[in-house]
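Hello,

Here is the structure I promised to pass on. Have a look at it first, and my notes follow below.

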Amino acid sequence: MAFQISLKINGNGHDVELEDARPTLLDVLRERIGLTGTKKGCDRGQCGACTVLIDGRRVNSCLSLAVSLDGAEVTTVEGLSDGDTLHPVQAAFIENDGFQCGYCTPGQIMSAVGFLGETGGDASAEAVREGMSGNLCRCGAYAGIQDAVLDAQARMSKGGKT
Amino acid sequence: MADTPMVAAHHVRLGSNSGQPMTRRDGIAKVTGTATYAADNHPQNLLHAVFAGASIARGRVTSLDIKAALAHPGVVHVMTPDNTPALSQDPDQKTTPFTARIDVLQNDKVRYAGQPIAVILAETLEAAVEGARLVKATYDSDQARIGFDDGEAFAPEAVGISTPPKFSTGDFEGNRKKATQSASVEMETPLQYHNAMETHAVVAEWDGDHVTVDMPNQAIGLAKPGIANYFGIPPENVTLRSPYLGGGFGSKAVLFGPQMLGILAAREMKRPVKLVLKRGQMFGPVQHRSATRQTVRYDMDADNRFLAFEHTANVSTSSFDNWLDGAANAGLSLYATPSISVSHSGTRFDTGTPGAMRAPGIATGSAVIECAIDVAAEKAGMDPLEFRLLNYAEKDPSNGKPYSAKALRGCYKAAADSFGWKDRPLKPRQMRDENGLLTGWGMGTSIFHAPFFPAKARAVLRKDGSARAETSGADMGQGAWTVLWQMAADGLGMAADDIEFDIGHSDLPDGSVAGGSAHTASAGGALFAAGNDVIRQLAEIATQDKDSPLFGAGNERVLGENGRLFKAEDPNVGESYTDILQRAGIEEIEGKGRGNRDKASTETYAMFSHGAVFAEVKVDPDLFQVRVTRLVGAFAAGRIINPRLAQSQLTGGMIWGVGFALHEEGIHDKRSGRPLNNDFAGYHIPVLADVPHLEALLVDEEDPHVNDLGVKGVGELGITGTVGAIANAVWHATGVRTARYPIKIEDLLKGAQALKA
């Protein structure tokens, strides 16, 4: 049974034809729409590499069937910066060396954006460690990731863009 | 207390880019999602490939029912041994040391669970995944052999790539008789799986007998002829692109069966093919760290100095190949001892073949050695740091060579001071925190050899003042895009921002292997030399040009910096690169370079990076849950090109030490041989909450002998030392030493009960 859904991704409308209900949001983004910034690390919600925002909430896109998201607003790592101006979380990840190979990074960054939205700007280092522990990093860039999230929080509380 | 060697080091001038804590050159691409990893490629008319894996670990596929798979909408073909053509080279042939025996549907044999037995090609990924599920295999299966008690014992000819399995020096038996006491430890380490976040992947597209391959690879220069051999085409017909690797850790250095199947499928289907391993498929065909069963024994004299060191390791490999982790070689150059005896035996498991995994041999062996050292220190009644200093090796005990540089004493001091080690009580179970948790402090020594590979690079300077440097090198997260760029710019005497820079594909000069912690020294040395070659040619032109202010100056007295060539003794006399080339009417100068390690130095010196790691753990006194609350390391690795990135490499390695000590264990079912925990819910790696406090201090060290630039590696150093430091801290907290890694709650509980009784 075929389905037709509409997604608003990074502000742009996309009509997607699905030949059946199986495609996940992750595979639709990567293989059908061509937004490959979002990464597949495990395909079963255990690593967080595929984290995106759906209607503002951080979600593992590998566990979300696209067919269930008709009308949803999706933000991926490609939609975070304002033109050439990086989002404060992106800038903080570079400056605090919050990544090495970069493969988990889109998920880490989207998770951090979601996390900072959840905590409202006063998260402790311990809260960052707990709140970001659904995003695995095999390189072990965690020291930089923690610093980057705290740094981004400070930048954003000052109202700065980057 | 001077560190060896006491040599007045000559100082190779690098430049203003090296030594700077630059942020990553690939940073913006990586934080905006525009960095293209292999599986992000999507050529027109693409077919998706998914392989079906064997559900037995040893035997034969007697029949494959592919009807249901072929009938599934979207599935266009199923490759099986019946319809798959022979490769041009037998995939069980090993033509180079960096080749593994691979499974490419060439016969019906099954050698490990998860081995590819069919490849499903479909118009959509969903159809290919479902097609793989619909393939029904029947088997003639033999009993799987998993573990040291069930596997087949054998005597290996070599460990690691080509190291002898046995080594001894000194009067081992005689010294043992002289000893007044000894300390020994027996421990097992499990199978560990690399599990880079990016699973192995390939996108292949043929154009006649030329193939373009997008595939993460740590050794492009070896992979290119390797692919060519399998497919019977000249190497120049292979274009391999690997600009970004989503982690490697050793697992992406050789060619693997599934990726060759993707290339083969693309040739068969005459369409581009994408094949991406599922996470669960990472626990079979793409290597792992050998399991080991080790014994380490140190014999001491009455002054608590070592007289004899013995290390034996029984090491796992597969039934069909011979890569063994060289665990028992880890201590050869570590602590002073007049006599050594180490040996390896092998056991064949029905698993995939192991391979190099971050700090191969050293991580595994030092995890046990550092425990033995602490047991010996306890017997000596000494503080573990004082005891290590007492047995400090001034010369490599395995061969008597001096170290090319060894700032280990400085590492011990820097890390111990920062950690606060001096307040440590000698006996275990002495410390509790404010919540009543048992608290323990432990330490370990880090060591990793400093190999050097024959990398090549090219640099070009153009008349308009622009420049380019390139080598095929690989960035798997260690920072090659940044660090090699800094070195390339220094070679050219220009600001890094002013040069074009390229790595990561096979059209470039062979940058050799990104592995062995040798890439910065090897590929960076080549890039620096290529730039220097340009400057040398430029200087020749200028010093022979009567219109140049440099006319008549000898080559050796001319330097390049910021795009300007000048006299070393009088920097005011000089002119821009552009002026020289324009006046000479030369469009561009091409320089070629190779890194250099002096041959005599290799024979004279023992070359290693060193470090010290101190760990604090807290252990629940009733439940024995262990948390690492602090890790402080200090490391000396010669000249550090980029301290920001070096620290990240080191803390990353230390986190791998946490995983080794407390989390990672690949478990295979003893009856079927199948991996039982082949996902991230079952195979645990550290998360952010597992590493609350990490410090990696960089200790100054000039190494005048290791290579022209004095650069050593940091990628693998951090894991060594850390594992033992954590185990020693757990002992200090609980009084219990477990007999295996990872350290488990149940083993601590049993040990604590035994202590009470």
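A word on naming first: helices (H or I, at least four residues) and strands (E, at least two) are DSSP runs, numbered from the N terminus. Residues are numbered from 1 along each chain as its sequence is written, and chains are lettered from A, with ligands numbered from 1, in the order in which they are written. Please keep in mind that this is a predicted model, where local features need pLDDT of at least 70, side-chain atom pairs count only at pLDDT 80 or more, and totals for chains, interfaces and linings use all residues.

The predictor gives the complex an ipTM of 0.98 and a pTM of 0.97. Residues 1-11 of chain B, though, have pLDDT below 50. Where pLDDT is low, the predicted coordinates should not be read in detail.

Now to the backbone. Asp43(A) sits in the loop between helix H1 (25-33) and strand E3 (51-54) of chain A. Its phi is near 65°, a positive value in a residue other than glycine.

The peptide bond from Tyr741(B) to Pro742(B) is cis, with omega near -5°.

Best wishes

Notes. pLDDT = per-residue confidence, 0-100. Contact = placed C-beta atoms within 7 Å.
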